Amino acid sequence: MSGLKKSLFFVGLMMMAITVFAQQKAKKATKRLPNIIYIYADDLGYADIGPYGQTKIKTPNLDRLAKEGMKFTQHYTSTPVCAPARCMLMTGKHGGHSYIRGNYEMGGFPDSLEAGQMPLPEGILTIPKMLKEVGYAIALTGKWGLGMNNTSGSPLKQGFDYYYGYLDQKQSHSFYPTHLWENDKAVPLNNSFIDVHRQLDSTKTLTDADWDYFKGKAYSQDLMTKKAVHFIEGHQDKPFFLYMPYTIPHVSLQAPEEYIKKYIGLFNERPYYGQKGYAATKYPLSTYAAMITYLDDQVGIILAEIKKLGLDENTVIMFSSDNGAAFNGGVNAKFFNSVNGSRGLKMDVYEGGIREPLIARWPGKIPANTVSDFVSVQFDMMATFAELTGTKAGNTDGISLLPTLLGMPVKQKQREYIYWEYPENGGQLAIRMGNWKGVKTAVRKNPKKIAWQIFNIKNDRFEAQDIAAEHPELAKRFDEIVKKEHQVAHIVEWEFLDNRAPKKSDK
């Protein structure tokens, strides 16, 4: 073979090798599991954002997320308060099976008494642990609320490779904390301690210094976003799960000044002096709106980062909230129509306390600008992510929403009902079965005599007309469901269905 022919032969071999390598790389890329980013607001009402009818607060990035993805209109949280909602999201369990069912507080508000909430136990299956089985990198940036660094509930012991944010919900009452936690170590911030539950005297002439006491330098939400972006950049070459539970718009009402100024003058508002807990603020309506617009901007930052890195078509982004709008701390849910006129707020199993936004975006996979009225709940996420990634969800109470997300409702598994059990605020039960909804409140007072309230949600989304007298068969069925779904909790304080919680005289 001549030298020229040899050269051409080797060039040909090289070209073939390059082609095969490129094909293998492309094949590998197409098989790569999708990234999952789950953004979780805190105490955000169903209608606090534009896609769900909000008109007074600007949320252009969430508007875009909905236009480029799917909006669910009948999506629910698993329970109407922080810690148990997060536990049920992470473990795929409803309120009758969940290890954590209420806000079981430990410690106190000062930094020296920080002790968090009841921790998740060892050996429990969580979404992070499940996704690690198929090679995901796992991170948390935000509020955890399921155990401190020195307990079994530390995020590092529950499947996360990295975390940054609040461990204790009580510390998250301040958006300018003295520290946040990063991988089990407290990281000092450039803030002085703020007693956010200090009240101001409304009978005295207040100065700017009185209001400025509740302001700090390092805004925790900004730091969380920066850590999230850093994680994305460092893990762009492998599938990742990023859980982003912001603390917005949970009180205290605190936001960067430039965001508050966007709204000052638009509302007829009076100062909030802290009389219903949490930080006082001169402009409570403007600050609440500012916080949600700020959160919207963080969503925009994540969207821009994903696009910049070329990850758009391989990243599922979801947005939801842990429960309905707050009723204290200067929040005015009625003014903003935060729950779209529904009955109840946070801590209620009526629609206003548990119906939440869910927006999902995955270009090329989730049909753009679509709306789903499929009745779903946050403990469905574990089963959904399991089917999405080809792993197993274990003994979950949820069902996979993937067929609905991919625009294939015919293949969507149906369910008979969704079950809620909430031991706090008097003890509450709720069941959604088709268009029917049963509710029991103040159950702890007299478990055997509290009757079901029954509503037709399709015809009466405000839960204004109790038609239980017309449907004794439904009350009977709801009782059967409670007996089936309730498992005895591991602490007696959460047992309210047979009034076994200890009385003061028993202690």
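1. Let's start with Y278, which is buried, at a relative accessible area of 11%. This is a predicted model, by the way. Y278 sits in the loop between α7 and α8, and its phi is positive, about 75°, although Y278 is not a glycine. Worth a look, since most residues other than glycine have a negative phi.

2. N425 also has a positive phi without being a glycine, near 55°. Look for N425 in the loop between β14 (418-422) and β15 (428-433).

3. Next, the loop between β9 (240-245) and α7 (257-260), where P249 is placed. The peptide bond leading from I248 into P249 is cis, with omega near 0°. S252 lies in the loop between β9 and α7 as well, and the bond from V251 to S252 is cis too, with omega near 20°. I'd flag both, as most peptide bonds are trans.

4. On to helix α2 (residues 60-67). Which of its residues are buried? They are N61, L62, L65 and A66. These cover an arc of only 140° around the axis, so they end up on the same side of α2.

5. How do α2 and α8 meet? Their axes come within 7 Å and cross at roughly 55°, so the two helices are oblique to each other. On the α2 side, P60, N61, L62, R64 and L65 make the contact, and on the α8 side D296, D297, V299, G300 and L303 do. By type, the residues of this contact divide into five nonpolar, two polar and three charged.

6. Helix α10 (residues 381-389) is largely enclosed by the rest of the structure, because eight of its nine residues are buried. The buried ones are M381, M382, A383, T384, F385, A386, L388 and T389. After α10 comes G390, with a positive phi near 75°.

7. Last, T178, in the loop between β6 (162-166) and β7 (179-182). T178 is buried, with a relative accessible area of 17%. What does its side chain pair with? A polar contact of 2.5 Å joins it to the side chain of D111. Leaving aside residues up to four places away in sequence, T178 touches D111, V187, P188, L189, N191, S192 and F193.

Conventions. Residues numbered from 1 in each chain as written. Predicted model: local features only at pLDDT ≥ 70, side-chain atom pairs only at ≥ 80, totals over all residues. Heavy atoms only, no water. Buried < 20%, exposed > 50% of the residue type's maximum accessible area, 1.4 Å probe, protein only. Helix = DSSP H or I, 4+ residues; strand = E, 2+ residues; numbered from the N terminus. Arc of directions from axis to C-beta. Polar contact = N/O pair within 3.5 Å; in protein donor to acceptor, adjacent residues only side chain to side chain. Contact = heavy atoms within 4.5 Å. Axes fitted to C-alpha atoms, helices over the stretch in contact; angles between N-to-C directions. Parallel < 35°, antiparallel > 145°, perpendicular 65-115°, else oblique. Nonpolar A, V, L, I, M, F, W, Y, C, P; charged D, E, K, R; others polar.
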